[in-house]
Amino acid sequence: MVLNWSVKTLQLNKNDVICIVLYLLNKRRFNQIEMYKVYINEKPLIICNDTDTETLLQIYTGKKILRSRYMGKTKVLLQHIDMMEKAQHHDVVIIESKDFETLKTDLKELFKIVKASGGVVENELGELLFIFRRGFWDLPKGKIDEGESKKDAAVREVEEETGIQNIELGKKLIVTKHMYRTRQGKRAIKKSYWYKMKATKQTLTPQLEEDILKAEWLKIADVLKKEEAIYQSINDVLSAYQA
């Protein structure tokens with residue numbers, strides 16, 4: 001019923017309908033894939049079971065994909081990571097294996113894992129709380145302190161980075177991962193837990209000592225129209241929020 005209504009209203013042709021159905025099916029299958037995705041230099045490195053590779057290839061149709069098979073040599077993983085750090089020859093890098101758990105363990109051992117929490121805060125007008133830091137529009141988040149829960153850290157970090165008060169904590173939305181370099185030059189993965197939140201619209205105070213220049217209430221569409229970039233991992237968070 002919903003599909004028929006949408007087709008009639010939008011006046012889609014047969015090819016459009018096929019594309020929409022395939023997209024929805026692939027999106028559903030994407031959520032069922034056992035994989036580990038890390039953004040490196042704003043491009044996704046995806047490791048997966050080799051039985052799921054074809055689905056990923058369909059989802060990323062039209063993208064320049066590097067597909068590689070893991071044979072147990074971590075040196076090969078390092079070569080892929082180096083390549084993604086230094087250049088952007090590919091839109092997506094997929095590394096597959098028959099033994100996904102071993103592949104995931106081997107990859108994670110190459111990094112320090114740093115856990116963080118943050119939130120997507122919505123006000124009564126349907127606007128979201130964004131921050132502008134280091135040339136990117138972002139969402140407030142920060143490192144989880146020792147002994148602190150993910151939920152408590154999410155609320156604390158949002159409060160500290162934006163000056164907001166009286167947050168109503170909601171459900172967990174998604175977990176994202178991206179690679180960065182520590183001050184010592186070591187590779188690390190920031191594993192961020194994201195929560196849905198609500199708060200009334202109020203005056204914001206960006207945390208300047210954390211390089212946050214702006215904290216603003218904005219519609220998603222307005223953020224995407226801005227000249228400044230938005231992190232790919234944040235796009236994933238916004239997609240999870242809108243799902």
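Colleague: Is Tyr231 buried, partly exposed or exposed?

Modeller: This is a predicted model, and the value is computed from its atoms. Tyr231 has a relative accessible area of 22%. Buried means under 20% and exposed means over 50%, so Tyr231 counts as partly exposed.

Colleague: How is a pair of aromatic rings described?

Modeller: Two values are used: the distance of the centres and the angle of the planes. Tyr231 pairs with Phe136: the ring centres are 4.0 Å apart and the planes stand at 10°. Planes under 30 degrees apart count as stacked, so this pair is stacked. Phe136 is partly exposed, because its relative accessibility is 22%.

Colleague: Which parts does the pair of Phe136 and Tyr231 tie together?

Modeller: Phe136 belongs to strand β7, while Tyr231 is in the loop between β12 (229–230) and α8 (232–242). The pair therefore ties together parts that are 95 residues apart in sequence.

Colleague: How many aromatic pairs does the rule give?

Modeller: The count is two. One of them is formed by Phe132 and Trp137, with 5.0 Å from centre to centre and 55° between the planes, which is a tilted arrangement. Phe132 and Trp137 are both buried.

Colleague: Where does a lysine lie over a ring face, and at what distance from the centre?

Modeller: Lys150 lies over the face of Tyr193, 4.9 Å from the ring centre. Another case is Lys177, whose charged end sits over the ring of Tyr36 at 4.6 Å from the centre.

Colleague: Where do nonpolar side chains tend to be in soluble globular proteins?

Modeller: They tend to be buried together. Here the largest nonpolar core has 18 residues, and Val121, Leu129, Val158, Ile164 and Met197 touch the most other members. At least two residues of this core come from each of β6 (128–133), α6 (150–162), β10 (187–198) and β11 (212–218). The largest share, four residues, is from α6.

Colleague: Which residues is Val121 in contact with, leaving aside neighbours within four places in sequence?

Modeller: Among them are Leu129, Val158, Ile164, Met197 and Trp217. There is also a second, separate core of 17 residues, including Tyr70, Met84, Val93 and Leu103.

Colleague: Where is Pro140 placed, and is it buried or exposed?

Modeller: Pro140 is in the loop between β7 (136–138) and β8 (141–143). Its relative accessible area is 0%, so Pro140 is buried. Leaving aside neighbours within four places in sequence, Pro140 is in contact with residues including Gly118, Leu129, Val158 and Trp194. From C-alpha to C-alpha, Pro140 and Val158 are 5.2 Å apart, although 18 residues separate them in sequence.

Colleague: How many residues of strand β4 are buried?

Modeller: Strand β4 covers residues 92–97, and six of its six residues are buried. To read a strand, look at which way its residues point. Val92, Ile94 and Glu96 point one way from β4, and Val93, Ile95 and Ser97 point the other way.

Colleague: Which strands pair with β4, and in what sense?

Modeller: Strand β2 (residues 43–49) pairs with β4 in the parallel sense over five bridges. In that pairing, Leu45 has Val93 as its bridge partner. Strand β3 (residues 65–69) also runs parallel to β4, joined by five bridges, and Ser68 stands opposite Ile95.

Colleague: What do β3, helix α4 and β4 make?

Modeller: With helix α4 (residues 74–86) as the helix, β3 and β4 make a right-handed β-α-β unit.

Technical notes
Residues are numbered from 1 along each chain as its sequence is written. This is a predicted model: local features need pLDDT of at least 70, side-chain atom pairs count only at pLDDT 80 or more; totals for chains, interfaces and linings use all residues. Side-chain values use heavy atoms; hydrogens and water are left out. Buried means under 20% relative accessible area, exposed over 50%, partly exposed in between (1.4 Å probe, protein chains only). Two strands pair if DSSP finds at least two bridges between them. A crossover is right-handed if, with the strands pointing away from the viewer, the path from the first strand over the helix to the second runs clockwise. Contact means heavy atoms within 4.5 Å. Rings of Phe, Tyr and Trp (its six-membered ring) pair if their centres lie within 6.5 Å; planes under 30 degrees apart count as stacked, over 60 as edge-to-face and the rest as tilted. A charge sits over a ring if NZ of Lys or CZ of Arg is within 6 Å of the ring centre and within 35 degrees of the ring normal. A nonpolar core is a set of buried Ala, Val, Leu, Ile, Met, Phe, Trp, Tyr and Cys residues joined through side-chain atoms within 4.5 Å.
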